[in-house]
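Please look over the model shown here. The text below goes through some of its salt bridges and then a pocket.

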Amino acid sequence: MVFSYKNLTLHISLCLTLALILKLLKIPVFFLHGLFTYIHPDTVDNSQKGIRAAIRRPDSDSSSSELKRRGKPKDKYEFEENKAQIFRLKLDEGHLETRIYFKEYSDAFRISFVGMFCLLLHIVLSVSEDSGVLGNEVLIPVLLGVAGVGKLFVILGKASFEKSASKRSEKQLSVAVGVLGFLLGFIICCELVPSVFDVKFGSIDGFGRISVALLMGCFSGFLFIPAIKSARAFWIGTDQLRWNLSIISCGWIARTILYVNYLFIMFTALLWIKPMTAVLVNVNNSDANEVHLVSRIRNADKLVGNLGISQSEFEKLRVWCLLISGILQVIALRPNLQMYLNEAVLSWYQRLHASKVPDLDFSRAKVFLHNHYLCLVVLQFFAPPALVLLFLGLSRIESNLFENFQSINSLFKEVALLLAWWVVFVWAIFTSASLLLYRRCILYVS
């Protein structure tokens, strides 16, 4: 009896241990440690002593407490350097706890990582055959995985319509994109274009396919705004316009992470597209005759479907690519977030040097909003990789618990794997489309 409940005990112990570690060590806060945010201070009175402005002339004495004023005619506009100050602050626990959505971010971070590690433990351990429903350890990882997905789904929906967190036009576009995502998802689920998408739903009925299409539409709408923010962060972080500004520069390590993350997401998204499948999968199962087949075929078009890996190996490649893409997105979260915060500095810099009479009200508002919605953006960048990893873990569930419920078993295998790919696919589409618009100067960072 004790042996039959061994895996269940391990799962419970892992959940409690991880929850305590994440709570006591404040891992969600430590995950953002070392990043910098920016604030505009309040207007400084001229009669006060101390630092008067963050912007000084190169030949000025930085240790002096008073800043010499330039002589200007009285009929001209006198630029007040006090209002052009901007301060750089390192993120700490006290600062993060005052931001909205900090509690939601901490809760989502903890439940997601506990669910991921429980799903990983279930995949590594062998499943107990005769342990019954209560003794079957699959209950804990499934419940935690579903709870993590539900938590992220609700938070993403709430954040998508948060007032002042994004433009009104972006919210309207996200709704339109959600409708289009539902239509495309319905086409994929019903296998109406089998020559384009390599997706098969043999064990799911019509109502189940409509439900999955609704989920796909919701994820499309919810991920639209985070994806365009990520594209903007990539555009700034990789210095596409060659600004060469040290204040918003990105190190070569972070820049490499951004490039590798984007390219791998694009590659993973294409693995469910039939042209890519035809190139990589060998439909001829006879490996012994492969060398003779290649030497005999002269037409390059006939090589498609005759070269590559087997179907089973290709399925494993898909799973590994989804896993690596999710991990890379988590690694790229910090550079993306730092570039999001640096975007406000770039706006301040542009307004400061745009004219002789700079209008800094817009940049002050942007710096404030980027600082105010910091944790909301962290959630939007964290949710996609967490969803991919949770869906991928749910798709690997193997247990006799659902042997009498074929529809539920298909839900956790076929649908979970599809939704994991769908998150990567729509993220790649939105990011690539945004980068194309930036490249064509239709969109620009301001």
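Lys 366 and Glu 343 are both buried, meaning under 20% relative accessible area, with exposed over 50% and partly exposed in between (1.4 Å probe, protein chains only). The model is predicted: local features need pLDDT of at least 70 and side-chain atom pairs pLDDT 80 or more, while totals for chains, interfaces and linings use all residues. Residues are numbered from 1 along each chain as its sequence is written, and side-chain values use heavy atoms, without hydrogens and water.

Lys 366 and Glu 343 form a salt bridge, with the closest N and O atoms 3.2 Å apart; the term requires a side-chain nitrogen of Lys or Arg within 4 Å of a carboxyl oxygen of Asp or Glu. Lys 366 lies in helix α14 (residues 361–372) and Glu 343 in helix α13, so the pair ties together parts 23 residues apart in sequence. Helices here are DSSP runs (H or I, at least four residues), numbered from the N terminus.

Glu 343 also forms a salt bridge with Arg 232, at 3.0 Å between the closest N and O atoms. Because Arg 232 lies in helix α8 (residues 206–237) and Glu 343 in helix α13 (residues 333–353), this pair ties together parts 111 residues apart in sequence. Arg 232 is buried as well.

Within helix α12, Arg 318 and Glu 315 are three residues apart, about one turn, and their side chains meet in a salt bridge (3.5 Å, N to O). Arg 318 is buried at 4% relative accessible area, whereas Glu 315, at 30%, is partly exposed.

Helix α12 also supplies nine residues, the largest share, to the lining of the largest pocket. A pocket is an open set of points on a 1 Å grid over the protein atoms alone, where a 1.4 Å probe fits, with protein on both sides within 12 Å along at least five of seven lines; lining residues have an atom within 4 Å of a point. The lining has 32 residues, with Val 319, Leu 392, Ser 395, Arg 396 and Leu 417 nearest the centre.

Notes: Helices (H or I, at least four residues) and strands (E, at least two) are DSSP runs, numbered from the N terminus.
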